[in-house]
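Visitor: I would like to learn how to read this fold feature by feature. Could you take me through it?

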Amino acid sequence: MRNLVTGGAGFIGSHLCRSLLEQGEEVFCLDNLSSGQLLNVESMSSFANFTFIKADVVEPIELEVDRIYNLACPASPPFYQADPIQTSKTSVLGAINMLELARRTGARVLQASTSEVYGDPLEHPQSETYWGNVNPIGVRSCYDEGKRMAESLFFDYCRQYGVEIKVVRIFNTYGPNMRKDDGRVISNFITQALQNQPITIYGDGSQTRSFCYIDDLVSGIFAAMNCASDLTGPFNLGNPTEFTILELAHLILNRVQSSSGLNFTGIPSDDPKQRRPDISQAEKLLGWEPITGLEDGLLRTITHFQSLFPEMP
């Protein structure tokens, strides 16, 4: 297979690229490096069937491919809020360009959507039938509504043009290749703990999240891409085990053996209070479920972050 991975130098995209290469597949990794890092993919140049393309999905691209994984879009609030108009363009124009490429080549195309399409949910856990509670004009709407619009485009291209689509909604994911400055809760906590800085907790830390290790997520993405053609999704991909943010902070502090204290501050606008996926559809239709517990995944992730701080013991 000839695979195009947009956002391929990002956290999830780089793991996806490597896994495809290890399966003997050909990979075109497209990234504008706005939040992705060459560091994540430079070792892949040893594979003869790997090609890096520095480009932006907001511009059309001509390639002959069999599979398209559309992951391009900054996923952490500091990055996607830094240029919200560009974030919206990436989600919407990027989806159109990848769908047009799939339409021309006959490729199957997967959209990496997000749990943020559920907004600050009034249903818990969140199932794929829930339409969400999103603020359409808030500071997070460039990402939340951009991803919702991308899903709409995918299903319209499927209905109108017969494009083979797959849509996955990715919940909080962590692991090696995360940026230490990406602003996500696990990377924030580990970075602060390694430097013995106060751990920043929004609100009282009672809000909950569910954390999926990157290897589990990648296997879920492959399960969705390779399932029967009539199974379009959307599929929730995430780990349904739920933790409070305060529990996560103490777990990381214990694992790092840090002297950091806790710094409680205000909750950002539209930050969801609860987040846990209902993955029954993925279990039933894809035969997929995560297998990595949070403690095991955190140990591997902390090891990665320690390599980013060589001055630390």
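Visitor: Start with the sheet. What is the order of its seven strands, and is the pairing parallel or antiparallel?

Guide: Keep in mind that this is a predicted model. Strands of a sheet pair through backbone hydrogen bonds, either parallel or antiparallel. Here the open sheet runs β3-β2-β1-β4-β5-β6-β11, and its pairing is parallel. The edges are β3 (50–54) and β11 (235–237), each of which pairs on one side only. On average, neighbouring strands are turned by 20 degrees against each other, direction ignored.

Visitor: How many bridges tie β6 to β11?

Guide: Three bridges join β6 (residues 165–170) to β11, and the two run parallel.

Visitor: Now β1. Is it mostly covered or exposed?

Guide: Mostly covered: four of the five residues in β1 are buried. β1 runs parallel to β2, with five bridges joining them.

Visitor: Which strands does helix α1 lie across?

Guide: Helix α1 (residues 11–22) lies across β1 (2–6), β2 (26–31), β3, β4 (67–70) and β6. Relative to β1, α1 runs at about 170 degrees.

Visitor: Which residues have the most contacts inside the largest nonpolar core?

Guide: Leu 16, Tyr 69 and Ile 221. That core has 57 residues. Center the view on Tyr 69. Leaving out residues up to four places away in sequence, Tyr 69 touches a set that includes Asn 3, Leu 4, Val 5 and Thr 6. Leu 16, Leu 20, Leu 110, Ile 221, Phe 222 and Met 225 are also among the residues it touches. A second, separate core has 25 residues, including Leu 63, Ile 68, Ala 102 and Val 167.

Visitor: How should I read a helix pair?

Guide: Two packed helices are described by the angle between their axes and the distance between the axes. Take α5 and helix α9 (residues 294–308): their axes come within 10 Å and cross at roughly 60 degrees. α5 and α9 are therefore oblique to each other. Their crossing is right-handed.

Visitor: Which residues of α5 and α9 meet?

Guide: From α5, look for Ile 186, Ser 187, Ile 190, Thr 191 and Leu 194. From α9, they meet Leu 298, Thr 301, Ile 302, Phe 305 and Gln 306.

Visitor: On to the backbone. Which residue does a cis peptide bond join to Pro 125?

Guide: His 124, with omega about -5 degrees. Pro 125 sits in the loop between β5 (108–114) and α4 (141–161). Another cis bond runs from Gly 233 to Pro 234, with omega near 5 degrees. Look for Pro 234 in the loop between α6 (214–225) and β11.

Visitor: And positive phi. What is the value at Asn 177?

Guide: About 85 degrees, although Asn 177 is not a glycine. Asn 177 lies in the loop between β7 (173–174) and α5 (185–194). Asn 196 also has a positive phi without being a glycine, at about 55 degrees. Asn 196 is found in the loop between α5 and β8 (199–202).

Visitor: Why does Asn 177 count as buried?

Guide: Because its relative accessibility is 18%, and buried means under 20%. Asn 196 counts as partly exposed because its relative accessibility is 40%.

Conventions
Residues are numbered from 1 along each chain as its sequence is written. This is a predicted model: local features need pLDDT of at least 70, side-chain atom pairs count only at pLDDT 80 or more; totals for chains, interfaces and linings use all residues. Side-chain values use heavy atoms; hydrogens and water are left out. Two strands pair if DSSP finds at least two bridges between them. Axes are lines fitted to C-alpha atoms, for helices over the stretch in contact, and angles run from 0 to 180 degrees between N-to-C directions. Contact means heavy atoms within 4.5 Å. Buried means under 20% relative accessible area, exposed over 50%, partly exposed in between (1.4 Å probe, protein chains only). A nonpolar core is a set of buried Ala, Val, Leu, Ile, Met, Phe, Trp, Tyr and Cys residues joined through side-chain atoms within 4.5 Å. Angles under 35 degrees count as roughly parallel, over 145 as roughly antiparallel, 65 to 115 as roughly perpendicular and the rest as oblique. A crossing is left-handed if the near helix is turned anticlockwise from the far one by less than a right angle, and right-handed if clockwise.
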